[in-house]
Amino acid sequence: MKTTTTHRWALAAILCLPCCAPLAAQPPVPGTLQPLVKLHGIDVVAEGPALIRFLDQDVFVAGDGTLVSVTVGRAFAAGSGFVTTIIRGLGSPALRAALGQAFYQDHIGTLSGVCNAELQPLGSGYTFGISWFGKGARTSDFTITNQGGAGHTCSPSETGVLQAIEAFQAGVIADPATQISSSVCTSSNQCPIGLLCCRACGIPDCAQACLRPAADGSCPLFP
């Protein structure tokens, strides 16, 4: 078989390549991508005989304390629509330590199944699914609900984990450095717990959004 000039050049190029080229170094995985815990909650809240709000919420906490929360809320008042609120912030060292201590004390890696508890005013309905991600392939997941059916009564460890996640989120929300954005709201019952529906600027006809309250618990003032 004759070897053409083109073939000879191609063969020479192949022979000049190193036989075992090293693989490119892979960049380290950022700490914010390492999962710690995730909560998904659907919550219908009652006040007295009336239902006042619906919240569908996803909360993700990473190993470095980064929190990302996406909530869709609706007030049961006439004409109220759905509002989306996105929260992104970093828990302080104290908040991270408190969350880690709670997970350790409540043995989060051993929790599983569905449990029942009454944690909200009478007439409310909720389901909170919690997934924890440990080192390697370690993981656990469990559900807290008041919808009855199969399951056991929630232990202090199960409710303690939920309360620890809620306290961590509340601490991140309170931090002025936390980023909060939402679509237009008309009622604070459309916002995640800890936020108020307020005018987003100092102009009288400015649209309202879910905002962090001022130190006195009222809507923030803008110049």
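Reader: How many aromatic pairs does the structure hold?
Author: There are two aromatic pairs in this predicted model. In one of them, the ring centres of F54 and F82 are 6.3 Å apart and the ring planes stand at 80°, so this pair is edge-to-face.

Reader: Where do F54 and F82 lie?
Author: F54 belongs to strand 2 (residues 50-62) and F82 to strand 4 (residues 82-90), so the pair ties together parts that are 28 residues apart in sequence.

Reader: And F82, is that buried or exposed?
Author: F82 is exposed, and its relative accessible area is 55%. That counts as exposed because the cut-off is over 50%.

Reader: Let me zoom out. What pattern does the protein chain follow?
Author: Along the sequence the pattern reads α-β-β-β-β-α-β-β-β-β-α-β-β-β. That comes to three helices and eleven strands.

Reader: What share of the residues counts as buried?
Author: In this protein chain of 223 residues, 32% count as buried. As for contacts with a separation of 6 or more, 54% of them are between residues 24 or more positions apart.

Reader: Now the largest nonpolar core. Which residues touch the most other members?
Author: Those are F103, I130, I144, V161 and I165, in a core of 33 residues. Two or more residues each come from strand 1 (35-47), strand 2, strand 4, helix 2 (93-105), strand 6 (125-133), strand 7 (139-145) and helix 3.

Reader: Which element gives the most to this core?
Author: Helix 3 does, with seven residues.

Reader: Could you pick out I130 for me? What does I130 touch?
Author: Not counting residues up to four places away in sequence, I130 touches V37, K38, L39, S140, D141, F142, V161, L162 and I165.

Reader: Staying with helix 3, what about Q163? How accessible is Q163?
Author: Q163, which is found in helix 3, is partly exposed at a relative accessible area of 45%.

Reader: Which residues lie nearest its centre?
Author: L55, Q57, E166, Q169 and I193 do, out of 18 residues that line the largest pocket. Helix 3 provides the largest share of that lining, six residues. Strand 1, strand 2 and helix 3 each supply at least two lining residues.

Reader: Switching to T178. Where is the place of T178?
Author: T178 sits in the loop between helix 3 (156-174) and strand 9 (179-182).

Reader: Buried or exposed, that T178?
Author: T178 is buried, at 6% relative accessible area. A polar atom of the T178 side chain lies 2.5 Å from the backbone oxygen of V172. Setting aside neighbours within four places in sequence, the contacts of T178 are I87, R88, G89, V172, I173 and R212.

Reader: How about A46? What is A46 in contact with?
Author: Leaving out its neighbours within four places in sequence, A46 is in contact with L51, I52, P121, L122, G123 and S124. A46 is found in strand 1 and is buried, with a relative accessible area of 4%. P121 is 75 residues away from A46 along the chain, yet their C-alpha atoms are separated by 6.2 Å.

Reader: I also want to check backbone angles. Which residue has a positive phi although it is not a glycine?
Author: H107 does, with a phi of about 50°. You can find H107 in the loop between helix 2 and strand 5 (112-116).

Reader: Last one, D216. Where does D216 lie?
Author: D216 is in the segment after strand 11 (208-211). D216 counts as exposed, at 63% relative accessibility, and its side chain is joined to the side chain of S218 by a polar contact of 2.6 Å.

Reader: Great, thanks for the tour!

Conventions
Residues are numbered from 1 along each chain as its sequence is written. This is a predicted model: local features need pLDDT of at least 70, side-chain atom pairs count only at pLDDT 80 or more; totals for chains, interfaces and linings use all residues. Side-chain values use heavy atoms; hydrogens and water are left out. Helices (H or I, at least four residues) and strands (E, at least two) are DSSP runs, numbered from the N terminus. Buried means under 20% relative accessible area, exposed over 50%, partly exposed in between (1.4 Å probe, protein chains only). A polar contact is a pair of N or O atoms within 3.5 Å; within protein, one must be able to donate a hydrogen and the other to accept it, and residues adjacent in sequence count only if both atoms are side-chain atoms. Contact means heavy atoms within 4.5 Å. Rings of Phe, Tyr and Trp (its six-membered ring) pair if their centres lie within 6.5 Å; planes under 30 degrees apart count as stacked, over 60 as edge-to-face and the rest as tilted. A nonpolar core is a set of buried Ala, Val, Leu, Ile, Met, Phe, Trp, Tyr and Cys residues joined through side-chain atoms within 4.5 Å. On a 1 Å grid over the protein atoms alone, a cavity is a set of points where a 1.4 Å probe fits but cannot get out, and a pocket is an open set with protein on both sides within 12 Å along at least five of seven lines; lining residues have an atom within 4 Å of a point.
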